[in-house]
Amino acid sequence: MNAPVQPFEPVAEDSLAWLGTDPVPAAPYYDPAWFEDEREAVFRRSWLQIGHVCELPEPGSFIRREVEILRASLLIVRSKDGAIRAFHNVCTHRGTQLVEEAQGKRSTFSCPYHRWTFGNDGRLLSAPDFERFHVTKEDCALPQVAVDTCGGLIFVNFDPAGPQPLRDYLGSMAERLEALPSAQATTFSEYVYETDANWKLTYDNFQENYHLRFIHPRSGAATIGEDNPFGYPLRYGFEGPHRTQTIWANPAPKIAPVQGMAFGRAMACVAADGFEASATGRDYLALFPNFFVLGSPTQPFSHTVWPIAAGKSRGVVRIYWKGEDDSASRRFVREYMMATARDIHAEDRAVIAAGHRGLASGALKHIHFQSQEVLCRHLYRSVAERVQKWREAHRI
């Protein structure tokens, strides 16, 4: 006998009152001066998710990552000793960038300009006519950036004062990351998109469900129901600057035949890979400042929203997989899941950009968040707190 379905109950507003209900200033969502302060107060002093260990499978493997918000190019390498290290992609002679390839495998990195050559541990190995310089090779190693991993995910931190340990920064989120399917991933699908909108507007779009029924009436039909017409989450969680939501499971979803077939085959793949449905499989983690990850074993999804300028952002969307495609069914499942994610995001982009244009006109002094947009309010508060401290410390 099946257990009776419990009617949906939205999160009680009283439990969210500590975050306030006042309007939020509009300027931080488009103002170039505020964006510049976010660069230093938020992005230079937070752990930033940048890659996955499956991209560095063996010693010598490297990836190059551009971090526009900090005007940095990074080389993230697995050194000969197996350790993962991150270096600025810049020759210590006269600053020429060493590598243009997005990824590869090398034991050394040579500057194309004057052939200074560095090991993948960052040491300067050789430089033509080095005796005429007035420094030691030890003084000319590649400048490092703090790097650490958790749950298979690679994080970097540019804090010039030295960052707090990654696991202290993540708190209980660290244990949750390690339990996600992405922790066992060996490959992934990826797509990248750009939107003419401030990064917080782009990010906020993916942490509130208020818009689902209006922007995604077709693609999001299964996520809304009669007693939850907006598809609001079951729970919210907050830990320091990080936040979570638990996605509601519609007991009577409207599922198209091909969608049902895809998820049925996905469940078979999940079982074959040794993943099991868990109580946290519908948890959507939002790690400060710009990273999302979903625990679902059928669609282990991550999304990083990078600021490019005050009015431009870039999203990097990945779905992590264990093992290569070994059957037509598995290939179909992976293609379907990625196409679904891309379909939904394509529906969002125009309205996000329209929101930026409206705010950037200066017509509004404030914007309004309702109680079920509380994750957006929490992000604003977390950012504003850091920017305000930065301004006070620098007498801005």
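Biologist: By class, what lines the largest pocket?
Modeller: The lining of the largest pocket has 22 nonpolar, 19 polar and six charged residues. For the classes, Ala, Val, Leu, Ile, Met, Phe, Trp, Tyr, Cys and Pro count as nonpolar, Asp, Glu, Lys and Arg as charged, and the others, Gly among them, as polar. This is a predicted model, where local features need pLDDT of at least 70, side-chain atom pairs count only at pLDDT 80 or more, and totals for chains, interfaces and linings use all residues. Residues are numbered from 1 along each chain as its sequence is written, and side-chain values use heavy atoms, with hydrogens and water left out.

Biologist: What is the volume of the largest pocket, and which residues lie nearest its centre?
Modeller: The volume is about 1500 Å³, the space filled by probe spheres set on grid points joined across faces, edges and corners. Of the 47 lining residues, Thr223, Ile247, Phe263, Arg282 and Gln299 lie nearest the centre. The elements giving two or more residues to this lining are α6 and α7, and α7 gives the most, with seven residues. Helices (H or I, at least four residues) and strands (E, at least two) are DSSP runs, numbered from the N terminus.

Biologist: And how many cavities of 30 Å³ or more are there?
Modeller: There are two. On a 1 Å grid over the protein atoms alone, a cavity is a set of points where a 1.4 Å probe fits but cannot get out, while a pocket is an open set with protein on both sides within 12 Å along at least five of seven lines; lining residues have an atom within 4 Å of a point.

Biologist: What lines the largest cavity?
Modeller: Its lining has 16 residues, with Val270, Asp273, Pro297, Trp321 and Arg330 nearest the centre. The volume of the largest cavity is about 150 Å³. By class, its lining has 11 nonpolar, one polar and four charged residues.

Biologist: New topic: where is Glu208?
Modeller: Glu208 is in the loop between α4 (199-205) and α5 (212-215).

Biologist: What does the side chain of Glu208 make a polar contact with?
Modeller: With the side chain of His211, at 3.1 Å. A polar contact is a pair of N or O atoms within 3.5 Å; within protein, one must be able to donate a hydrogen and the other to accept it, and residues adjacent in sequence count only if both atoms are side-chain atoms. The Glu208 side chain also reaches the backbone nitrogen of Tyr210 at 2.7 Å.
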